[in-house]
Amino acid sequence: IIKLLISLKDEILDIIYPQKNSCIICESEFIGICPLCKSKIKRVKDNDKVISYGYYNGILKKLILEFKYNKNFVAGSILVEFLCEIIKKNNLDVDYIVFIPSSKKAMKDRGFNQCEYLAKEINKQLNISICKDIIKNKNIKEQKLLSREERYKNIKDAFSLISDKNIRNKRLLLIDDVMTTGATLYECEKMLIKNGALSIKMLTVAKSYI
């Protein structure tokens with residue numbers, strides 16, 4: 001029944017946001033994003049603790065903003081393809097995907113959690129189980145409005161778990177859409193380690209220049 005409901009949801013989204021027979025960026029004859037536009041995305045080559053597909057500017061920034069604020073799920077599906085590409089390339093062998101939870105305000109304004117969408121679509125394509133036990137346990141200011149130092153103070157102790165059942169002694173893949181200072185990811189990572197995670201790989205679609 002669950003699989004049927006998911007299939008119906010996907011079909012409804014296809015009706016609302018139909019795939020065009022043209023590149024989402026340049027409108028050339030190509031479904032999704034054409035090779036030329038994709039090649040213009042500046043890739044992150046020197047990944048450190050956090051693995052990111054590309055830098056947050058130009059075409060990649062446009063795709064993220066279209067997906068995140070205009071509910072363009074064609075753009076969202078392209079971002080999922082990018083993340084699956086990285087997971088395969090880096091041989092990220094994990095037990096569960098976990099994702100950064102949205103605040104109540106963001107959920108109300110946006111209507112969905114973009115990170116949860118990415119996690120669910122990766123689950124469909126790569127069959128990696130999802131753990132939804134991370135919650136935000138306090139209201140915080142929007143990180144994008146703050147300085148680097150303020151971001152770390154703002155996000156401190158913001159996350160907790162409903163249960164550590166799927167966390168303890170597990171290898172986790174933590175997903176976020178954009179990494180700026182890394183404050184959100186590192187705070188979430190700290191909480192997961194405290195609750196017994198065996199290892200944590202962190203993955204984002206984009207990395208800001210900040």
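Contact means heavy atoms within 4.5 Å. The exercises below treat a predicted model, in which local features need pLDDT of at least 70, side-chain atom pairs count only at pLDDT 80 or more, and totals for chains, interfaces and linings use all residues. Residues are numbered from 1 along each chain as its sequence is written, and side-chain values use heavy atoms, with hydrogens and water left out.

**Exercise 1. The chain as a whole**

State what share of contacts between residues at least 6 apart in sequence joins residues at least 24 apart, and how many helices and strands the chain has.

Solution. Step 1: among contacts between residues at least 6 apart in sequence, 70% join residues at least 24 apart. Step 2: helices (H or I, at least four residues) and strands (E, at least two) are DSSP runs, numbered from the N terminus. The chain has 8 helices and 6 strands. Step 3: buried residues (under 20% relative accessible area, 1.4 Å probe, protein chains only) make up 47% of the 210 residues.

**Exercise 2. Helix α7 against helix α8**

Classify the crossing of α7 and α8 by angle and handedness, and list the residues that meet.

Solution. Step 1: axes are lines fitted to C-alpha atoms, for helices over the stretch in contact, with angles from 0 to 180 degrees between N-to-C directions. The axes of α7 (residues 148-155) and α8 (residues 183-194) come within 9 Å and cross at roughly 30°. Step 2: angles under 35 degrees count as roughly parallel, and α7 and α8 are therefore roughly parallel to each other. Step 3: the crossing is right-handed, the near helix being turned clockwise from the far one by less than a right angle. Step 4: R151, Y152 and I155 in α7 meet A183, T184, Y186 and E187 in α8.

Technical notes:
Angles under 35 degrees count as roughly parallel, over 145 as roughly antiparallel, 65 to 115 as roughly perpendicular and the rest as oblique. Buried means under 20% relative accessible area, exposed over 50%, partly exposed in between (1.4 Å probe, protein chains only).
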